Amino acid sequence: MARRRFERWRAPPSTYATHPEAREIVFDFLQGYDVLGAFWTTVQLTLLSAVGSLVWGTLLAAMRVSPVPLMRGFGTAYVNIVRNIPLTIIILFASLGLADIFGATMGASDFKVQGFRLAVLGLVGYTAAFVCEAIRSGINTVPLGQAEAARAIGLNFTQTLRLIVLPQAFRAVIGPLANVLIALTKNTTVAAAIGVAEAATLMKTMIENEAQTLAIGAVFALGFVVLTLPMGLLLGWVGKRLAVKR
Amino acid sequence: MTEVSVAKEDVAATDELVVLKSVNKHFGALHVLQDIDLTIARGEVVVVIGPSGSGKSTLCRTINRLETVDSGTITIDGKPLPHEGRELARLRADVGMVFQSFNLFAHKTVLENVMLGQVKVRKADKKQAEENARALLDRVGVGTQADKYPAQLSGGQQQRVAIARALAMGPKVMLFDEPTSALDPEMINEVLEVMQQLAREGMTMIVVTHEMGFARSAANRVVFMADGRIVEQAAPDQFFSAPRSDRAKDFLSKILHH
Ligand SMILES: Nc1ncnc2c1ncn2[C@@H]1O[C@H](COP(=O)(O)OP(=O)(O)O)[C@@H](O)[C@H]1O
Ligand SMILES: [Mg+2]
């Protein structure tokens with residue numbers, strides 16, 4: 001009984017039965033493709049790269065404001081080199097250049113895992129340069145007196161940065177960081193260049209095999225908007241709530 | 001051997017808490033501190049006065065090494081100021097500093113501002129740090145504001161919190177760099193009263209201020225600076241009624257008539 005009612009609730013298939021041509025036009029091109037699976041890979045690429053680039057970008061920013069000239073030099077050089085190289089080349093370099101190194105340990109066992117990890121590595125390395133610059137501009141909004149007061153009560157450089165300067169800097173740049181995160185989400189499509197099975201890779205395959213290219217494009221575009229739009233709105237709201245009042 | 005020398009230092013340190021010997025400091029071509037010799041005894045309250053740009057702030061900042069010196073020595077309680085590192089951080093904690101612009105940590109509550117140094121530098125237990133912080137906030141009269149953020153407080157309240165934050169470290173000496181000059185007139189007294197109370201309790205204080213009322217009632221000595229030099233030192237009454245140097249006479253006539 002219950003099952004039958006459930007089946008009736010799932011009525012749409014019978015609709016297609018009465019209007020088979022509608023089903024063909026609107027949905028047929030999705031059949032046999034794991035669109036959700038591909039977007040799930042995109043989400044995983046985004047989340048892992050976001051965490052990685054936030055950590056690495058923060059470390060780079062710390063280096064760029066550190067009193068040690070060698071660290072400052074490294075941070076500056078890294079940012080200026082990495083953000084001026086196209087992401088595709090960085091991802092390809094990660095794949096071609098580093099695959100040998102990683103191949104020895106994990107590559108042979110699972111080629112797909114290796115590609116995914118290399119893509120994350122490339123995305124982290126690239127995005128961190130932008131995270132670093134966003135945070136550095138945030139550090140510049142923190143009045144000098146904050147760090148002086150911190151030093152005056154006996155906090156050392158690392159404590160001053162970690163407890164006083166960075167928390168205020170982060171709050172000032174949540175908006176710009178949201179932009180970096182949105183760019184990162186879209187940049188994950190570059191992982192297609194080394195064959196990671198994320199959304200763009202699947203889209204390419206589908207466009208090659210199916211006739212409805214425009215509809216396919218629209219579905220994937222919508223997918224990305226669904227991912228990035230809430231991200232931007234949420235972080236915008238968080239940024240306003242956490243803004244430091246002076 | 002070492003024990004003896006340490007003991008000697010302690011004896012020497014009992015009355016001389018802050019000692020500056022031939023301290024020189026440049027900012028590029030500008031000679032901001034010129035051969036500064038200054039000794040401050042334990043429990044003494046010294047007011048530093050002088051025209052703008054004479055190096056008063058720089059003097060304060062070198063005493064807890066927010067600025068480095070080019071030559072000369074500064075000792076706090078017999079110990080020379082170390083260069084960077086852990087040792088310096090510990091010594092800084094012994095020197096409380098109150099800034100003209102308060103500089104309370106903007107993202108932390110008043111209570112957290114006063115607890116932070118105790119927990120992170122003195123490694124105090126959190127509960128104890130909070131108790132101590134609340135007691136200090138009560139003492140400076142802002143106990144009811146503990147859970148607010150600095151921006152929600154008036155300037156006078158913020159400066160009193162800043163004093164509590166410095167006191168929380170248990171400093172041996174307190175430096176005040178024009179603590180009332182950023183305040184609206186009606187808030188100046190509430191801050192000066194806290195400082196006066198502190199002076200009565202025997203705190204060693206170096207205070208850059210042009211508040212002559214405070215200097216007369218709380219200071220043991222007035223140090224007059226001009227162009228990076230200490231031009232004149234005297235007891236407050238003597239300095240204000242009968243300054244010896246022309247620079248001091250000139251300066252006093254200006255601040256008295258405007
Ligand atoms: N960080 C700095 N770099 C360069 N010059 C400075 C710096 N800080 C202060 N000065 C200069 O040093 C002189 C003394 O400054 P300061 O100690 O602030 O004087 P005061 O507190 O007596 O007004 C001024 O001429 C000032 O412009
Ligand atoms: Mg000054």
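The model is predicted, so local features need pLDDT of at least 70 and side-chain atom pairs count only at pLDDT 80 or more, while totals for chains, interfaces and linings use all residues. Residues are numbered from 1 along each chain as its sequence is written, chains are lettered from A and ligands numbered from 1 in the order in which they are written, and side-chain values use heavy atoms, with hydrogens and water left out.

## The interface between chain B and chain A

In this model, 24 residues of chain B are in contact with 19 residues of chain A, where contact means heavy atoms within 4.5 Å. The area buried between the two chains is about 1,800 Å², and carbon and sulfur atoms give 62% of it. Buried area is the accessible area (1.4 Å probe) that two parts lose on being put together, summed over both. In chain B, the residues that lose the most area to chain A are B:Phe105, B:Ala106 and B:His107, together 30% of what that side buries.

Seven residue pairs are in polar contact across the interface of chain B and chain A, both residues being at pLDDT 80 or more. A polar contact is a pair of N or O atoms within 3.5 Å; within protein, one must be able to donate a hydrogen and the other to accept it, and residues adjacent in sequence count only if both atoms are side-chain atoms. On the side of chain B that touches chain A, α3 (86-93), β6 (95-98) and α4 (110-120) of chain B each supply at least two residues. Helices (H or I, at least four residues) and strands (E, at least two) are DSSP runs, numbered from the N terminus.

## Salt bridges

A salt bridge is a side-chain nitrogen of Lys or Arg within 4 Å of a carboxyl oxygen of Asp or Glu. By this rule there are 18 salt bridges over all chains, and the count between chain B and chain A is one.

| Pair | Closest N and O atoms |
|---|---|
| B:Arg61 and A:Glu148 | 2.6 Å |
| B:Arg61 and B:Glu67 | 3.1 Å |
| B:Asp94 and B:Arg122 | 3.0 Å |

B:Arg61 forms a salt bridge with A:Glu148. This pair crosses between chains, from B:Arg61 in helix α2 (residues 56-63) of chain B to A:Glu148 in helix α8 (residues 144-152) of chain A. Both B:Arg61 and A:Glu148 are buried, a term that means under 20% relative accessible area, with exposed meaning over 50% and partly exposed in between (1.4 Å probe, protein chains only). B:Arg61 counts as buried because its relative accessibility is 15%. B:Glu67, with which B:Arg61 also forms a salt bridge, is buried at a relative accessible area of 16%.

B:Asp94 forms a salt bridge with B:Arg122. The pair links distant parts of the chain, 28 residues apart: B:Asp94 is in the loop between α3 and β6 of chain B, and B:Arg122 is in the loop between α4 and α5 (126-139) of chain B. B:Asp94 is buried, with a relative accessible area of 13%, whereas B:Arg122 counts as partly exposed at 32% relative accessibility. Salt bridges that share partners join B:Arg42, B:Asp77, B:Asp94, B:Arg122 and B:Lys172 into one network.

A:Thr46 lies in helix α4 of chain A and is buried, with a relative accessible area of 5%. A polar atom of its side chain lies 2.7 Å from the backbone oxygen of A:Thr42. Leaving aside neighbours within four places in sequence, A:Thr46 is in contact with A:Leu184, A:Thr185 and A:Thr188. A:Thr46 and A:Leu184 are 138 residues apart along the chain, yet their C-alpha atoms are separated by 6.6 Å.

A:Thr188 is found in the loop between α10 (174-187) and α11 (199-209) of chain A. A:Thr188 is buried, with a relative accessible area of 0%, and its side chain reaches the backbone oxygen of A:Thr185 at 2.6 Å. Beyond neighbours within four places in sequence, the contacts of A:Thr188 include A:Thr42, A:Thr46 and A:Phe224.

B:Thr204 is in strand β8 (residues 204-208) of chain B and is buried, with a relative accessible area of 2%. A polar atom of its side chain lies 2.7 Å from the backbone nitrogen of B:Gly43. Leaving aside neighbours within four places in sequence, B:Thr204 has contacts that include B:Arg42 and B:Lys172.
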